[in-house]
Amino acid sequence: PPYNFLYSSYRINTKFFDGLKELNYMATGFILEIGNWIPFIITNRHVIDIDYKKLTPEYKDFKLIELSLTSRRQDDSEYTNFINPETQFYIHDNYQNDVVIIRPLSRPNENNTFHYHFTLEDHLADSEVFNDIYPFDIICFSGFPNTHDKLMGRPILRTGTISSDPRFDYSWTETSQGSCVAYEGFSTKAASGSPIFAPP
């Protein structure tokens with residue numbers, strides 16, 4: 001259903017500490033079901049590793065001490081899952097690929113119930129899909145950028161167009177930036193980790 005495109009994004013709140021200073025951030029993520037309802041959180045690596053790709057050592061001592069995901073149930077009530085920051089994070093072999101997969105481990109007395117999610121078999125784009133989309137095709141992405149609904153805490157949906165050739169990796173420098181497709185669309189920080197849809 002169309003509403004699922006909007007509410008499939010989860011608000012991620014993180015807290016980092018270096019022994020002296022505390023930093024708080026907000027971002028976006030989504031849930032991917034792998035296997036027999038095993039939920040994994042998908043987001044950008046820089047969301048949980050604030051030292052990732054930084055040119056200076058300013059953030060090298062900061063450790064993730066709190067991680068939570070907030071979304072809505074089918075009845076529209078809001079809920080938050082606090083994830084144990086000691087949980088397992090899986091990063092890509094290619095350092096340039098800014099993605100992380102998180103196997104959520106809840107704090108004691110909490111559960112891992114997630115209401116809106118995708119499945120590996122039905123929803124992730126594979127090479128066949130990337131050969132069937134073209135520059136200027138429309139995409140959309142839901143998430144929690146600065147312009148999300150702050151009164152009700154709801155995500156917003158943005159649209160854009162594919163602006164590079166999706167058959168090839170895109171790089172904005174003269175060196176590889178990983179597995180990238182460029183798209184043109186309006187966004188702000190905290191949209192990092194948003195699910196991106198290629199409507200039929």
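User: What classes do the residues in the lining of the second largest pocket divide into?

Analyst: They divide into seven nonpolar, five polar and two charged. The classes work like this: Ala, Val, Leu, Ile, Met, Phe, Trp, Tyr, Cys and Pro are counted as nonpolar, Asp, Glu, Lys and Arg as charged, and the others, Gly among them, as polar. A word on the model before we go on: it is a predicted one, where local features need pLDDT of at least 70, side-chain atom pairs count only at pLDDT 80 or more, and totals for chains, interfaces and linings use all residues. Residues are numbered from 1 along each chain as its sequence is written, and side-chain values use heavy atoms, with hydrogens and water left out.

User: What makes a set of grid points a pocket, and what makes it a cavity?

Analyst: The search uses a 1 Å grid over the protein atoms alone: a cavity is a set of points where a 1.4 Å probe fits but cannot get out, whereas a pocket is an open set with protein on both sides within 12 Å along at least five of seven lines, and lining residues have an atom within 4 Å of a point. For volumes, points are joined across faces, edges and corners, and the space filled by probe spheres set on the points is taken. The second largest pocket comes to about 330 Å³. Its lining has 14 residues, and Tyr25, Met26, His46, Lys189 and Ala190 lie nearest its centre.

User: Which elements supply at least two residues each to that lining?

Analyst: S2 and helix H2 (45–48) do, and S2 gives the most, with four residues. Both names come from DSSP runs (helices are H or I with at least four residues, strands are E with at least two), numbered from the N terminus.

User: How do you know that S1 and S2 pair?

Analyst: Pairing takes at least two bridges found by DSSP between two strands. Strand S1 (residues 10–17) and strand S2 (residues 22–34) are joined by eight bridges and run antiparallel, so they meet that rule. Arg11, for instance, has Thr28 in S2 as its bridge partner. The two strands form a hairpin with four residues between them, and Gly19 in the turn has a positive phi of about 100 degrees.

User: Which other strands does S2 pair with?

Analyst: S2 is joined to strand S3 (residues 38–43) by five bridges, again antiparallel, and Phe30 stands opposite Ile42 in S3. That hairpin has three residues between the strands, with Gly35 at a positive phi near 75 degrees. With strand S8 (residues 118–119), S2 pairs in the parallel sense over two bridges, and there Glu33 has Thr119 as its bridge partner.

User: What makes S11 and S12 edge strands?

Analyst: The open sheet of four strands has the order S11-S10-S9-S12, with antiparallel pairing. Strand S11 (183–185) and strand S12 (196–197) each have a single partner strand, so one side of each is left without a neighbour in the sheet. The link between strand S9 (residues 138–143) and S12 consists of two antiparallel bridges, and Phe141 stands opposite Ile196 in S12.

User: Why is the pair of Phe141 and Tyr183 called tilted?

Analyst: Rings of Phe, Tyr and Trp (its six-membered ring) pair if their centres lie within 6.5 Å, and planes under 30 degrees apart count as stacked, over 60 as edge-to-face and the rest as tilted. By this rule there are nine aromatic pairs. Here the ring centres are 5.4 Å apart and the planes stand at 55 degrees, so the pair is tilted. Phe141 in strand S9 and Tyr183 in strand S11 are 42 residues apart, and their pair links distant parts of the chain.

User: Are those two residues buried or partly exposed?

Analyst: Buried means under 20% relative accessible area, exposed over 50%, and partly exposed in between (1.4 Å probe, protein chains only). Phe141 is at 3% and therefore counts as buried, while Tyr183 is at 32% and is therefore partly exposed.

User: How do you know that Arg11 lies over the face of Phe144?

Analyst: The rule asks for NZ of Lys or CZ of Arg within 6 Å of the ring centre and within 35 degrees of the ring normal. Arg11 lies over the face of Phe144 at 5.8 Å from the ring centre.

User: Which residues line the largest cavity?

Analyst: They are Tyr7, Ser9, Thr70, Ser71, Arg72, Phe144, Gly153, Arg154 and Pro155. Strand S4 (residues 63–72) gives the most, with three residues. The cavity holds about 30 Å³ of space.
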